[in-house]
Amino acid sequence: MSGITPPTASSLGGASVGHGQSEQFEMSQLPRSGDGIATNTPLPSEDASPPPQYPFHETDSSPTVDALQQAPPRLSVPHRFRNLVAFWLLGLCNNFAYVVMLSAAHDILYRLEQGHLVVEPSKVTKVPGRDCNPTSTGAILLADVLPGILVKVVAPFFFLRINIHLRILLAVLFLMGSLTLVAIAKTPLVAYIGVSFAAVGGSLGELSLLAFSSRFQAGVISGWASGTGASGVAGSFSYAVLISLGLRPTDTLMVMLIVPVTMASVFWLLLRIPPSPHPFSEDAPPFSSQVADPLLPPSPARRPSLRSSAMLPLSEESLDTLTVSLIDSPASGVAAMHRGPLTLAQKIRLLPRIFPFMAPICLVYFAEYVINQGLFELIYFERGLKLDHQAQYRWMNAAYQIGVFVSRSSAGVVRVRRVWILALLQLVNLVFFTAEACLLFLPSFILVLILVVYEGLLGGAAYVNTFLRIHEEVEPLSKKEFFLATTSLADAVGIGLAGMVALPIHDAICRLPGPTRG
């Protein structure tokens, strides 16, 4: 077969390349991508001549090798907008079941208690003036987050080698199983298993899609974060509204099965996946040996080739092949680990560098989820409202999700780089809401909702600004993917710790004398 018309060897050394030049060019003249062996073969005409000019770039200035490697493949404007919408919808659908479980926590515990399905009798002494569930909603929080923590601890090191399509399929199945099991649960065990399925599905989907976003333009992070914020509003409001309209919790959860189905449709039908800039595992079949080790030579089926049966200008695929070949050379100074998946040892060495991103967001989520799942149910108004205790809890969750949605959607307007400030403000909120739960001194339920929205604003801002910083500041692509996936563990750890703290806080406050709200 005849060769295509690539840049000539001399042009790679420094002369500009014109569209009219042609020369037979064999792949053997360049180091092959994925060989993983440092080669001493220098690039042709390796001298101090001016940088090469590439006919496939829009400007006359040639990009550096690092820029060629790190920049995600360009897509057309319609495709970029389509991906923004897709990531927004994926964020909404992925977190929906998790939010619904927290919104339904009070109802789930109440249903189990009324059905005499509580395994252990309450150790909480009922005090006049306090309306306490035998079990804190922190128990639902623990079931909704602890399995997710396990997934997020293991997945960045091992699961990322599994094909992205299989990971999304598993996430969708877990989310569907969650809603179904909680809806039909007749025992606490089945109910808690269903809640834990929401944690596994949501965590697997979140870390997979956050890591996968490294292959797209930075804007998809904002789209994802906004979508996860919207899931809070949509999940909490839809649950509260459907219950208010008379649907039973069981029927409401079954109706919501449409959400994971929508997630699958968006990923496989709407999302426009760009070509991979290096042989990442997402492009290989599930558990393929072709991604077992980035330092082994690729199989012939995956090895890039510059040959073609037609004399055509360089396409994006040819550019990717040539770029990888250039990066492979010792002159580029780019290590092999920058092209493919990081090894386990490399990931472990990177962990201390991830901690500054993880610590603030962990503190933010610890404080806010102690408030949400340990204190919300203890803040209520007995007089002057048409809402009962359970309804007040649902609407407080809805107010919190409004704040999260607004802040996660505002990264294009307001950026906060010192996320630790948000952590300190959230700790102040924790102290304030603890005092309110003990003393019930706030005069208005509307004022409570406003403060809850502010709490949500802090949490949402911490989330979106943390992941945007990683997307913008961390290079190369393989490291960025690992940072994004691993940092998603921070909020889960904070939430898990909050669930454990919420249980004793709930019991301690429920034993206090019941105050009279003024």
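**A kink of about 25° lies at Ala502 in helix H16, shortly before the proline Pro504.** The bend at a residue is the angle between two fitted axes, one for the seven residues ending there and one for the seven starting there. This is a predicted model: local features need pLDDT of at least 70, side-chain atom pairs count only at pLDDT 80 or more, and totals for chains, interfaces and linings use all residues. Residues are numbered from 1 along each chain as its sequence is written, and side-chain values use heavy atoms, without hydrogens or water. H16 covers residues 477–510, which is 34 residues. From first C-alpha to last, H16 reaches 50 Å, close to the 50 Å expected at 1.5 Å a residue. The expected span is 1.5 Å times one less than the number of residues. H16 is mostly covered, with 25 of its 34 residues buried. Buried means under 20% relative accessible area, exposed means over 50%, and partly exposed lies in between (1.4 Å probe, protein chains only).

**The chain comes to 16 helices and 0 strands.** Helices (H or I, at least four residues) and strands (E, at least two) are DSSP runs, numbered from the N terminus. The chain has 518 residues, and buried residues make up 53% of them. Take the contacts between residues at least 6 apart in sequence: 84% join residues at least 24 apart. Contact here means heavy atoms within 4.5 Å.

**Helix H3 bends by about 40° at Phe96.** H3 runs over residues 77–103 and has 27 residues. Its first and last C-alpha atoms are 38 Å apart, close to the 39 Å expected at 1.5 Å a residue.

**Phe432 and Phe433 form an edge-to-face aromatic pair.** A search of the whole structure finds 13 aromatic pairs. In the pair of Phe432 and Phe433, the ring centres are 5.9 Å apart, with 90° between the planes. Rings of Phe, Tyr and Trp (its six-membered ring) pair if their centres lie within 6.5 Å; planes under 30 degrees apart count as stacked, over 60 as edge-to-face, and the rest as tilted. Is Phe433 buried or exposed? Phe433 is buried, at a relative accessible area of 1%. Phe432 is partly exposed, at 31%. Elsewhere, ring pairs link Phe87, Phe212, Phe216, Phe267 and Trp268 into a cluster.

**The charged end of Arg408 sits over the ring of Tyr463.** The distance to the ring centre is 3.8 Å. A charge sits over a ring if NZ of Lys or CZ of Arg is within 6 Å of the ring centre and within 35 degrees of the ring normal. Leaving aside neighbours within four places in sequence, Tyr463 also contacts other residues, including Glu206, Trp224, Ile361 and Asp491.

**The largest nonpolar core has 103 residues.** A nonpolar core is a set of buried Ala, Val, Leu, Ile, Met, Phe, Trp, Tyr and Cys residues joined through side-chain atoms within 4.5 Å. Which members touch the most other members? They are Phe267, Tyr369, Met396, Val452, Tyr463, Phe467 and Phe483. Helix H12 (residues 344–375) gives the most to this core, with 14 residues. Apart from this core lies another, of 9 residues, among them Val151, Ala155, Leu160 and Leu207.

Ile470 counts as buried, at 0% relative accessibility. Ile470 and Lys480 are 10 residues apart along the chain, and their C-alpha atoms are separated by 6.9 Å.

**Gln346 is found in helix H12.** It counts as buried, at 15% relative accessibility. Gln346 and Lys479 are 133 residues apart along the chain, with 9.4 Å between their C-alpha atoms.

**Leu440 has a positive phi of about 50°, although it is not a glycine.** Most residues other than glycine have a negative phi. Where is Leu440? Leu440 lies in the loop between helix H14 (419–439) and helix H15 (445–473). At 5% relative accessibility, Leu440 counts as buried.

**Ala143 lies in helix H5, residues 138–154.** Ala143 counts as buried, at 13% relative accessibility. Ala143 and Tyr192 are 49 residues apart in sequence and 6.0 Å apart in space, C-alpha to C-alpha. Beyond four places away in sequence, Ala143 touches Tyr192, Val195, Ser196 and Ala199.
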